[in-house]
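Subject: Structure for you to look at

Hello,

Here is the structure I promised to pass on. Please open it next to this message; my notes follow below.

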Amino acid sequence: MDIPYIVIDQLTPDQQQVWKTYFGDADRPRYIEEGIWRRTQEKATAEQSGWTAADDARRRIIHYRYRYSLVPTTAAPAIGLTDLYLYHSATAPADEIDAHHDALWDSLTTGGWKEAPGGFLWTRRDLKCRITEHDAHPQDAAAGRTLPVGYRSLHVQIASVSYAPPPAVRQLPWNVLSTGIRCKDRPGTPTRVPDLSVLADLLPFQVEIGCGTSVEAGIPPLHRLHEIYRVTDRQGHEPREHRFTLSPTADTLLHEVLTEPEEKTADFVEMFRACFLAEPTPAMWALKELKDAGHLVGPVITNNFDVLAARAGLDECFMRRYDQAVPDVEWVDGAKALLVVGLHADRRKVQARARARGMQVVYLDPEGFWRDGQFMPYPLEGPQDGDLVCRATATEALPALVNLLKQQAG
């Protein structure tokens with residue numbers, strides 16, 4: 001595979017300006033795409049991990065980090081993937097690791113990788129693959145984690161040949177692992193409201209947005225990444241519970257990357273490409289109108305990396321950060337409510353902090369989506385007693401709120 005890998009070719013002048021303003025010269029590195037999943041087999045995850053006893057302690061860690069840049073061409077510049085880094089760690093009983101090891105060798109051979117002296121490094125054009133094994137992983141020893149007797153770990157690092165991950169990048173997934181698993185909230189008994197007219201008596205308010213606004217802009221939902229990286233056995237777009245991919249022998253991700261890297265990389269860059277090509281939706285422009293009218297205060301608190309709020313002229317407070325367990329939020333004195341739009345699980349601590357400040361938490365989410373003519377329920381996890389829930393889309397409810405407030409203002 002050639003690096004740079006072209007993601008979007010022949011940018012128009014408008015697209016070049018979008019890159020310069022919101023990606024290339026932005027206040028945070030939006031040209032970096034990064035994701036981490038850690039899945040562990042333990043009692044607390046038994047339903048999805050298959051845990052039955054103490055000797056079930058399989059573990060899978062995925063960490064990817066991609067850098068995108070403008071790439072000159074004979075005509076207009078393109079956006080290219082210039083640094084690729086994918087880390088895969090599997091911990092399992094020795095016989096499963098042995099089978100995993102043999103399968104990797106077969107995939108490397110099938111994919112045409114060339115082995116370097118020493119047997120731990122392979123290359124294929126502009127990619128390199130390094131494999132290491134541990135009977136007892138140094139990270140486990142440093143953290144005081146004890147695995148069952150007979151467990152081993154095998155780690156695969158696939159990267160562009162010119163990229164050497166610094167220690168901080170290599171350490172990051174292990175720091176995330178040390179934070180423990182995400183425990184689900186137990187929903188309370190919120191009050192259902194037909195629309196957002198309740199906010200007319202709760203002005204000004206702040207807003208937190210999740211992937212619901214992105215999906216309305218044509219960006220794949222985040223569970224699409226679970227499919228791409230085989231985080232679970234999910235197939236299709238129904239967002240229900242699926243079993244974790246934990247057994248190395250059932251894990252197809254590395255086989256896909258090693259045998260057909262060009263095809264798999266097209267999947268890897270799918271989300272970034274969709275984010276760059278998306279346009280702000282009517283819901284985003286409605287938020288801008290609410291901001292300009294003084295009804296919405298503070299930055300848009302967001303988990304999204306699509307920059308759509310910024311492209312609509314709104315300040316963003318970005319929450320999806322691995323270097324902060326509880327990212328800072330710019331709270332505005334006098335704000336009476338927090339409107340939470342299309343956010344299901346992540347960053348629930350923002351909502352908890354809003355409640356602690358005496359703010360009314362209002363959720364805007366259809367709690368499901370239409371697929372093949374059928375409505376697929378997708379209940380919210382976070383609402384608690386005293387919260388309000390409006391089951392509508394952002395594109396429906398936010399412009400309606402704008403019109404209502406305009407009418408009331410005369």
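Predicted model: local features only at pLDDT ≥ 70, side-chain atom pairs only at ≥ 80, totals over all residues.

Val307 is another non-glycine residue with a positive phi, here about 65°. Val307 is in the loop between E11 and helix H12 (308–311). Val307 is buried, with a relative accessible area of 0%. Most residues other than glycine have a negative phi, and most peptide bonds are trans.

Two cis peptide bonds are also worth a look. One joins Ile3 and Pro4, with omega at about 5°. Pro4 belongs to the segment before strand E1 (5–8). Another runs from Leu203 to Pro204, with omega near -5°. Pro204 is placed in the loop between E9 and E10.

Next, the helix pair. How do H1 and H10 cross? The axes of helix H1 (residues 13–24) and helix H10 (residues 270–277) come within 11 Å, and the crossing angle is roughly 105°. The two helices are therefore roughly perpendicular to each other. On the H1 side, Gln15, Val18, Trp19 and Phe23 make the contact; on the H10 side, Phe272, Phe276 and Leu277 do. By class, this contact has six nonpolar residues, one polar residue and no charged ones.

Now the sheet. Seven strands form an open sheet with parallel pairing, in the order E9-E17-E14-E13-E10-E11-E12. Strand E9 (191–193) and strand E12 (316–318) are at the edges, each with a single partner strand, so one side of each has no neighbour in the sheet. On average, neighbouring strands are turned by 25° against each other, direction ignored. E9 and strand E17 (residues 388–390) run parallel and are joined by three bridges. Thr191 stands opposite Leu388 in E17.

Two helices to check against this sheet are H13 and H14. Helix H13 (residues 348–356) lies across strand E10 (205–209), strand E11 (300–302), strand E13 (337–341) and strand E14 (360–364), and runs at about 145° to E14. Helix H14 (residues 394–409) packs on the sheet and touches E10, E13 and E14. The direction of H14 makes about 130° with that of E14.

There is antiparallel pairing elsewhere. Strand E6 (residues 121–124) and strand E7 (residues 127–134) run antiparallel, joined by four bridges. Trp122 has Cys129 in E7 as its bridge partner. E6 and E7 form a hairpin with two residues between them. Arg125 in that turn has a positive phi of about 55°. E7 also runs antiparallel to E8, with eight bridges between them. Glu133 is paired with Leu154 in E8.

Helix H5 (residues 167–177) has these buried residues: Val169, Leu172, Pro173, Trp174, Val176 and Leu177. They pack against E2, E3, strand E4 (78–93), helix H4 (138–143) and E8.

Last, the charges. How many salt bridges does the structure hold? There are 26 salt bridges.

- Glu34 and Arg65 meet through their side chains at 3.9 Å, N to O. Glu34 lies in strand E2 (residues 32–40) and Arg65 in strand E3 (residues 59–71), so the pair ties together parts that are 31 residues apart in sequence. Glu34 is partly exposed at 26% relative accessible area, and Arg65 is partly exposed at 23%.
- Asp98 and Arg152 form a salt bridge at 2.7 Å, N to O. Asp98 is in helix H3 (residues 94–110) and Arg152 in strand E8 (residues 151–160), 54 residues apart. Asp98 is partly exposed at 38%, whereas Arg152 is buried at 19%.
- Lys264 and Glu256 have their closest N and O atoms 2.6 Å apart. Both residues are buried.

Lys264 and Glu256 also belong to a network of salt bridges, together with Arg224, Glu227, Arg230, Asp267 and Glu270.

Best wishes

Technical notes:
Residues numbered from 1 in each chain as written. Heavy atoms only, no water. Axes fitted to C-alpha atoms, helices over the stretch in contact; angles between N-to-C directions. Parallel < 35°, antiparallel > 145°, perpendicular 65-115°, else oblique. Contact = heavy atoms within 4.5 Å. Nonpolar A, V, L, I, M, F, W, Y, C, P; charged D, E, K, R; others polar. Salt bridge = Lys/Arg side-chain N within 4 Å of Asp/Glu carboxyl O. Buried < 20%, exposed > 50% of the residue type's maximum accessible area, 1.4 Å probe, protein only. Pairing = 2+ DSSP bridges.
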